[in-house]
Amino acid sequence: MPRMQILNTTEEEQYDNPPIFDATQRKKSLTFSQSLLEIACELRTPDNQVGFLVACGYFKVTKKFFSSESFHLKDINYVSRQLNLGESYNYGLYSNRTRQRHEHLILEYFGIKRFDKDAEILLSQEAIKMVHDQLKPNLIFWRCVDFLNQQKIELPSSNFLTLLITDVLAEYKENLMQIINESLDYETKYLLDELFTQESTSKTSRYRLTLLKRISQSTKPAKVRERVLDVAYLAQLHDQLIPVISAMGLKHEGIKYYAGSVHKSKIFQLHQRSDEDRYIHTIAFIAHQYFRLQDNLIDVLLSVVRTFQNTVQREHKELCYEQGKSHNLKLSSFLDRLDDDVFDLIKQIRELSDDESMSDTHKISEIRLLLQVDNCNELENEKLEIENEMNAVELYKILEARSVRLQNRVSPILKTLDFQAESGAADLMDAIRYFKLNNGVIKINAPLKFLNDDQEAAVVINHKINPSLYKVFLFIHITSAIKAGTLNLNHSYKYRPLDDYIISKERWGKEKQQLIEKAGLTEFVDCKAVLQKLDHVLYDQYQGVNENIITNLNPHFKPLPNGGFRVLTPPLEETDDNPINTLFPERQFVPLTEVLSTVNYMCRFIDQIQHHQQNHTHKAGISRPALFASLMALGCGIGPRKMAQISSSVKGSEIDHAVNWYLSLENIQAANNSILKVLDKMDLPNIYRRHKDKLHTSSDGQKFTVRTDSLNANYSFKYGGKEQVSSVYSFIDERNLLWHSLVFSAAERESAYVIDGLMRNDVVKSDIHSTDTHGYSEVIFGTTHLLGISYAPRIKNLKKQILYIFKNRKAEDKKDWSILPNKYISEDIIIDNWDEVLRLVCTIKLKETTASDIFRRLNSYSKQHDLYKAMKAFGQIIKSNFILRYIDDLELRRAIEKQLNKVELANKFTRAVAVGNPRELAQGAKEEQGIAEACNRLIKNAIICWNYMYLDQKVKTTDGEINKDYLLSAIKSHSPVSWAHINMLGEYDFSDEKLKDSVDILPPKI
């Protein structure tokens, strides 16, 4: 395999040359300990002393050695001044041979091992693991660098790493081809080749493979049945290919990579591959589509049943409301009858009993005459009629009436999918097997144990079963079991058992110590010590917050008469002077294309948008204008087709090619990171930081309607009326860097996705993170603490939150406390499951699975699940401590409000950039929505970067310290998230050529 271009030119130069320090970095990196200075002073010549220390400084930062010819003069002069060599000293010769001898001293001093043959073998083994996961070469390169740093091994040159990765990739591909040659028999090859045949001889007939590529997002019965047939077809192929797939050893990421090439390729492009290569890709495609289709059908089942339940509930409410009117009339009539026929009778009997002129015998005789007027039966009938109207019988009637519509969508799915049951779902599995064996026909012998008593009473009447109602209850129970994790799929990405998403127990048993060290969780190994420390911290916090209330040091705490409290947060004074907009070009609108081009020149983000296939490079494939046009087509909501029609100098085929092969989620994330890295190194963004050593971040979601069928959306009248709605969840730090974003259904809780943004970014490292109430859960509190991040949400109705304390504080004097704990911490459940908690957190910290995948399964599990209970109980400690700090610390509350305001402004920015469709998503599939949102974020980051570059230039060209301070104050008091000076709409052409009638709509001249 030829040498692959893994790093772009800029990255290679930065990696292979000494770092360029600013004044602060130079002082930090080239200031040495006394022991190191003593080692240097023992060297023979001043040149050797200076060269040795400069090499030490560079090595301390990069863990690499560089040629002495590449040393920077400013660094040489800085070190020579430390050695008091005098102004007349002139640095001369520090030979490479001498430098190589000194390298051993430097390695020994810093405790770093030489990169030798053993290190190469170790690194190759690690690279092989990453290649098996089908990580991109660029990512493998930097992961190799991280691995060597963790192992305390010297870094080799970029050329060496590139060759190593290229060789590993080539060897891996060769092994796969050999497995294909040895494993595929003639019959299996024939089945695979059939996918490349057309349905008929017609020129317009489509290939079988092409028909399997697109997965519908519709819930219409006909579309569902089409997918069910596709699953059945793929199941046969998949079952036959299981031995081959197992031999290939492809993990999910590898399957997705090879399948992605099939998705993006046309049939003739696949035919151009060698037979073995084509079979590798086709087998991966079959496995990938088989998994995706099953996930898709489960999404349909959950969506349809949820919509069904909501519709039934709404109809039942409306019916109850209508019945309530007649019910009130009947009740009023019943009370009138009761007054006339019962209370009047009682009054007459009382009068007779009080009449002293009558004998007792006469009284009884008269009472009997009064009681002969029998209205009791009529009253009893009226009472029964009113009671019947109040029963839930009508709900079951509605369920039965709507059952057929539900069956049309769900029954085909249930007959096709193979479920895997956990403990507690045995009765439900019996019902599913019965349903499948009897092809959905329900008879009197159908299993009933999965039903509750009320449901069973409604289904079975007079020894006869109601099939329609039975199926409704079966579908509802299956939905609940899938959400609860007691029903899973054998072949799935989204609905596997929880343990499949976490580091395996077998691996945990063998590598627990190494995994904990690698994840940086050593301080949390001893659970009892962790809890003891938290106990002291929490109790001290209780004492401190209550002491400040008692001594009136917290004037913003207001007790309420009902026993609750209120915490006021006075807003910071707004500074409207010197608005930041006036600092940007006032009479000139900067075109968005110019912004992208300028920022790209600075950040080289386009270099990260590489071809999907690893042996392609950016240079060979696509032009820079085509990539800009593609990013704007998706990010601005214009669409590729319309962008091609309204753009000059870029062809539609170029945009289509770019969108298909280049705009992947990983590529755009890498491009975003390129901009973030540049901003991270700039000084100006740091003026927005509250603390120099801590970074405050936040995240929030906004709702967008989806114009097409989508299973990554749900109906929400509040946000979309009759349209489906998805949530776009954005992350921002206090420097206004937009460092992550996600798209998911509006029905899902935002808290499941908070940690994704915190862990899936290599540039922005959050120290404290804020969300609103939708992003909060006790499990997230516990997890973020173990990840080393302080979680600081803004919680609605704070006074209603339950506060916890350790049981050993039960006897402590709390009579003067205004803030009292409500419950005790369940320490036993935490201690008993601590090993499982560490296993889960290690999985997230080492990025082996996304946190959202884990929490989507964990949050849905029953509260009886021990791991869920342990995570929640641990989170209750952290939550209680945070709430106490929140009550006591005005600056913390203000900081949270301020940071959440930033993400609100970013949400407005999102809509401003999406000029084509500012409040809706054009894509239906989750991956396509994610790509469009990532493009939108890339454009926003480019504008923010341009703003910072422009403001930085203003600061540098401003004369006088007073004027500079004034300008910096104006910048600091306003946000750089500003877009009024950017032309998002393009330019209009009013030339005669463009004003002509181009479609011949005008009548001919008379």
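Trainee: What makes the pair Q702 and R911 a polar contact between side chains?
Mentor: This is a predicted model. In it the side chains of Q702 and R911 come to 2.6 Å. The cut-off is a pair of N or O atoms within 3.5 Å, one able to donate a hydrogen and the other to accept it, so the pair at 2.6 Å qualifies.

Trainee: Why is Q702 called buried?
Mentor: Its relative accessible area is 7%. Buried means under 20%, so Q702 is buried.

Trainee: Which residues does Q702 touch, leaving out those up to four places away in sequence?
Mentor: S726, S727, V728, N907, T910 and R911. Touching here means heavy atoms within 4.5 Å.

Trainee: Where does Q702 lie among the strands?
Mentor: In strand β8, which covers residues 696-706. The chain has 17 strands and 41 helices.

Trainee: How much of the chain is buried?
Mentor: Of its 1006 residues, 49% are buried.

Trainee: What share of the chain's contacts joins residues at least 24 apart in sequence?
Mentor: 75%, counted among contacts between residues at least 6 apart.

Key
Residues numbered from 1 in each chain as written. Predicted model: local features only at pLDDT ≥ 70, side-chain atom pairs only at ≥ 80, totals over all residues. Heavy atoms only, no water. Helix = DSSP H or I, 4+ residues; strand = E, 2+ residues; numbered from the N terminus. Buried < 20%, exposed > 50% of the residue type's maximum accessible area, 1.4 Å probe, protein only.
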